[in-house]
Structures are given as structure tokens and as C-alpha cells.
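Hi,

Here is the structure we talked about, ready for you to open. My notes on it follow just below, so please have a look at both together.

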Amino acid sequence: MKTKFLGEEMRKSVLAAVLLCGAAFSFPSSGAPDAKPAGKSNTSFTGATANLAPNDPAGQWTRQARDYANTRYSPLTQINKANVGRLRVAWSFSDGQMYGHEGAPLVVGDTMYLVTPYPNIAYALDLSKTGAPIKWVFQPNPDPRAIGEACCDKVLRGWAYADGKLIYNLLDDHTVAVDAATGKEVWRVLLDDVTKGPTLTQAAFVVGDKVYIGSSGGELGTNGWFQALDVKDGHTIWKAFTNGPDDGALIGSEFRPFYPWMKGKDLGVTSWPGEMWKQGASAPWGWVSYDPDLNEVYYGTSNPGPRTPSQRPGLNLWSSAVFARDANTGAAKWAYQFTPHDEWDYDGVNENVLIDIPWKGGRRKVMVHFNRNGFAYTIDRATGEVLVAEPFGLQNWAKEIDLKTGMPVVNDAAHPVVEKKVTNICPPDIGVKNWNPSAFSPRTGLLYAGVFNSCMDLTNHIVQYIPGAPYDGMEMARHAGPGGNWGEFIAWDPVAGKRVWSIKENLYVWSGAVVTGSDLVFYGTMDGWFRAADARTGKVLWSQKLSSGITSAPMTFTGPDKRQYVAVYTGVGGGAGVLRRVGGFQPGGNTLYVFSVDGAGIGLGTSQLVSHSDVAAPVSVPPAAAHN
Amino acid sequence: MRKLVAAFLLTATSAFAQVTADTPNPFAGKPDAAETGHALFGKMNCAGCHAYDLTGGMGPDLTDSSWLYGGKPGEIYHTIAEGTPRGMPAWKDKMTADEIWQVVSYIQSKKQ
């Protein structure tokens, strides 16, 4: 890509838009669904495996992605291809909050834990009793001023359980820990000033005695950070700013990026004009993963601020990047910037799924990352070397990722222009995939992801920094890509860098996935369908229409009655709201659905005579907050 | 910016206190007001929440008939100047009274 950052305005012309319309789209290579003989066998498509530490009991789901590696793989097999067609609602639960629901329930022992979007109310449900009654409710009452600072709905992507506590973020920049047995607050710490733009929407991630928190606010001119808090009392153990001087970013002698263009002193300052890094966002609002052998945490950073790139010539490190850090000290080990000098809002915060793959006669410890920019990266997680970078959906902003340099080769016609409409840039700001987490099966060796098929017409505007106000500048019209379907659900080979199968969907597939030991993969759609597909063939085996669209993450667990259940939150929202005027988009909602074979279990049947009047009253059930 | 602050101090201080829900827009009928307001809408990052076409995003749609805090010119003025408890920032320290009225003119011109 050489030095394409300076003087970019000069290269752009009215012709650019015309040329771009005629430019070849870069489609992913794809095998036909029936072209894979491995479909009915028990063999892996790729030979990829994963360390499933901390190896929780099979029926439990104690962290958002189930394991440190972020596989979202459940070994449960009671629900299988033969009986999945008999899945019915066993019970459901509405929490009354109307913002987008993005997290997965946790099940620890006999208790299910849920947290709503703003105002971030926590519920514990007793799975050992008929109807799963409320054990306790915790109302943290976050500052309502946070509502106006959260860019993409007032969401929460998940919550964590550790050390007898439920730990999660409040939209107003607090992290809170609640006694999981009683629902009483144990500690609450303030991590930033919400009136200046930052919010907390990230799913807290716990390893051992530390909980890892990343800030949100890519569109608000924030100064993004990531920190480790002590699970016991919430105090900060280490904190790393994304941008700025090396000291604040915890970049020191241990830092060894693979590619030379990311080596140098204080690049988090010098790759920006003046002091613009201070409002350069690069907020780590996505997922965190952890390798217990290397003792490293991995997480990505958001787009740079402002979103208008001509105002910030330079690489804008460390925006749209991934960091590997020592889990104990925070010291940066390596980084890789997916989209240097991001011009399209291609955040780098999506999940990094840690797997081990066969590679050139040996094996490599890698991470697989589906980037907003449309490329799926398989990266050596010990070194930061990119092994595979192939498009997993519709994109035309880059010709390729040059594996020698790690740099994208940008299509000249994809550069935005201030006060001029550039048409048909793919993908639009929200990417080919957003934060909605993929799943990995060690049985099939494949990843499963909801993806988007769309493009944008983009007009850029010059913006000024005003604390607490958006620092943005992108005006967009998004449209569906070829085929007219906005979304797909795909299976991906992370070694070959190609699709194995795909299922077309009307709208963006903005739901996470879970894949099980019986080779079933579950996902939801924005038009309200919850589906189970054969993980080997992509054949849909079961679908259930629910009350709202699904932009959360499904999970599966074994109840105290030894029965396997599958659970998913409905409540379309978050960034998916960009399609709110497209046909099929559902009204919001807030209902958790729990399924079992024939709906059997603790919430259905002629013998269910226990009513809620028989169980102890929870602390208080809050009224539904008004929708903003 | 210094000029804006000076203008604010000299001419606009009392105007903030006097605006009520029924105060008419002093720029009503002035042809340039909506256009000036349009420029301010972009410059002050209003579009970041309410979108460049005013149909909303982070913040509410300003083109429909639903007004959380009132849709009369004086009420819109008040919302911009004072902000709201649920996240709209107060702009009275960053814009003059005339500028706020011009943004009101622009919003009124886009009502469906």
C-alpha cells in the first residue's frame, strides 16, 4: 500500500465513483454446500483444534464465549440432529427493557444470570424451581446522561461470573460486582467520565483474579483504554491507553510486532497530526480472549476518530488493530493494525477465536478474526504474523492483504471525498460482520459466523471536536449487495481461507452462534427466526419464529433436571438499528426464550401447579423504563 | 470561536432566559435562516446523533411528529439550549441565541 496516506484528496476524482461502480467485487471463494464429502462423517474439515480451558463442566455456561479461547463450543449432545426438530419453548422471561439485547445468559450451578441493556438491571433465576422464578434483582441506577453518549443503542454485550460475583459494566462508565448469592452490591468503580463521551458496553471478561474491561466511544472523540481490575475489590491493576505515548500504552521492551512499519517510538503519537490522538477513539469495546499457555490476553481496537480520514493523515496507530498483552502486567507483546488509516469505520474489535491449526507440516497457535473490513485473518498469536487473510463476504475497498507486508492494497476508487458522494463502497461502516460473535467447533474444525452483504454511498464532512458530542463526519446510504439479501450465515475454513457453506438471510445476521457436540449450530435472524443448522452441511434442521429480532448470542446448558436447554434473548437493537427502515425489521423486545425437546422441563405441563406466589418475593421488580 | 463567545456575552445572555414555549422564532420568514442553521447543524455535530437527513440514529428523528420535549419553536429552542436529562447536551455555552434559533429554523424546514 506504500505511502497512500498523504495527499489523498489529490488522487480522488469524480471518475473515482464511476470506476468503483465498474470495479470487480471481491467475492470469497466458496464451495457448493453439497461439494463436501466430509459432511456426514465425524472427521474434521481442517484439523483445527482448540484449548477449551478452563474446561467448565459440560452443562455450565459461566462466561459469554464459554471458554477463554472464545469458541462458543458446547460439548452437549442430548439435543441432536434426530430430535432438534422437536425443540419447543420450555419457558420464557421478559425483562421489560426496550434497548437492544446483545448478551448471552450465564448458567452457574442451578442459577441463570441475566443483565438488561440500560438501565443494566441484573436478574438471577432459580433453575431448580418450577417456572425458573426470580431469586433476586439488582438495580444499579446508572446515570441517564449516558443515554446520549452511547453511539449505537444503549446496549450491554455480556456479563461475567467469578469468585461468587456477577461482574458487569454499566453504561455510565462504572463496573459493578454483585454477590451472586444475594444480589447485593460488593463493589462499584468509576472508570471514566461519561459526560465527555466514553461509555461502557463491553462484556467484562474474567481470568483468575482479574476482570478485563475496555471502553466504548469510537464515534465520540474518546481516548480509548483497556484495563485489568481486581476481582476482589475492583481496583485497577493495570491500564493501557490505545493511543498516545508508549508509556501510557504499556508498550516497552517486550513489544515485538511482526511487521516493521509498526516498530518505532511513540507511534501512537507520531502517526497522528498534532495531538489528535487524544480524541482518536480506538476504543476496545469488543471481545477479549486469553491463552493460558502464553498467558496473554487479546483484544481489538475501534475505528479512529474522527471518522473523516482527511482530517487525520497518518497510520493512526493503534486504531483498528489487535493487541496481545501480558495478562498479568499489561505489557504489549505485539500488535497488528488491520486497517491502517481507516477511512470507512472498520473497527478491529470483533472476537479473536484462539485455535491451533495444521500449517505447512507443523502446527501453529493462531487466532481467527473476522474483521469489519471483510477479510478473515488467521494470525499466529505468538508472533502476530498473518498467515491467511481472505475475504469472507462482499468487499471492494481492498484488492488484497499483502502477506509480505501485512498491509492492505487499497482500491483507489474506495477513498472517501469530503462533500462528495462516493458510491458503492463495500462494505459500509458496519462491515461484513460486526461484534456478533462466531463459534468454532473442534469436531468440524470450522468457524460459524453471521455476516452482512451490503455497500454504501459515502459522503464525508469535516467535523470539529466538541467534548461529549459525536466526532463523526460520515453520511451514508447503505444498500444490499448482489442477490438482494442483506445477510448470510456461513461456515468458514480458517486454514484454506474459504467458505464451506452459507445460508442466505433477508437481513443482516447480527446474532452470535453456538455450536454443539452433536454438530448443531444455532443462530438468530433480525426478522425474528431462531434456527438450528447441521454444522457439516448448512442444512437448516429447525426454525422457530420469535417475538422480536435476534441480535444477541445463543447458549446451551444442562438444567438441574439433567435436561439440555438452548436459550436466546430476543430484542433487536444496537448497531443493527441501521436497518430499521428496511422491510422485515422487527420492533424491539426483551424476551429470553429457553427451548428443550418437546418443551419439557420446568415451565410446561399439566403437573406444573406451583405459582410465583409460592416462592419468596425478589427484592423488587422494577418498572420498565421509558424508551428513549 | 472567540468571536462566538463575545457575541454570546454581548447580545444573547438575556435572550436565553426570556424564551418560553410560545416564543416565536425571531428568524421566522427569513429566507437564509434555515440554510445557516443547516450549516450549524453539521458544524456543531448535531448530525452525529440526529443524522444528516435529520431522521435520527443515536438521537431521535427530528422530521416526524413525535417530540419528547415539545415541538413548538420555543420548546425546540429550549431543548437545544438546556439539553435534556437523557443525554442531549446543553448548547447554550457553545452557540449564541441567534445560532440556536437558526438551527430551529432548519429543523422546522424539515418537518414532514
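To begin with one strand pair: in chain A, E36(A) and strand E37 (residues 564-569) run antiparallel and are joined by 4 bridges. Helices (H or I, at least four residues) and strands (E, at least two) are DSSP runs, numbered from the N terminus, and two strands pair if DSSP finds at least two bridges between them. Within E37(A), A:Val566 is the bridge partner of A:Thr556.

Before going further, please note that this is a predicted model, in which local features need pLDDT of at least 70 and side-chain atom pairs count only at pLDDT 80 or more, while totals for chains, interfaces and linings use all residues. Residues are numbered from 1 along each chain as its sequence is written, and chains are lettered from A and ligands numbered from 1 in the order in which they are written.

Back to the sheet. The pair belongs to an open sheet of 4 strands in chain A, with the order E2-E38-E37-E36 and antiparallel pairing. Strand E2 (87-94) and strand E36 (555-558) of chain A are at its edges with a single partner strand each, so one side of each has no neighbour in the sheet. On average, neighbouring strands here are turned by 25° against each other, direction ignored (axes are lines fitted to C-alpha atoms, for helices over the stretch in contact, and angles run from 0 to 180 degrees between N-to-C directions).

Chain A as a whole has 4 helices and 38 strands. Of its 628 residues, 61% are buried (20 or more other C-beta atoms within 10 Å of a residue's own; exposed means 12 or fewer, partly exposed in between, with C-beta atoms placed from the backbone).

Where does chain B touch chain A? There, 14 residues of chain B are in contact with 18 residues of chain A (C-beta atoms, placed from the backbone, within 7 Å). Helix H2 (33-43) and helix H3 (46-50) of chain B are the elements that give two or more residues to that side of chain B.

Helix H5 (residues 97-109) of chain B has 13 residues. Since 10 of those 13 are buried, H5(B) is largely enclosed by the rest of the structure; among the buried ones are B:Trp101 and B:Tyr106.

On confidence, the model scores ipTM 0.83 and pTM 0.91. Chain B averages a pLDDT (the predictor's confidence in each residue, from 0 to 100) of 86, and 84% of the residues score at least 70. Over residues 4-15 of chain B, though, the pLDDT is below 50.

Best wishes

Key
Contact = placed C-beta atoms within 7 Å. Expected span 1.5 Å × (residues − 1).
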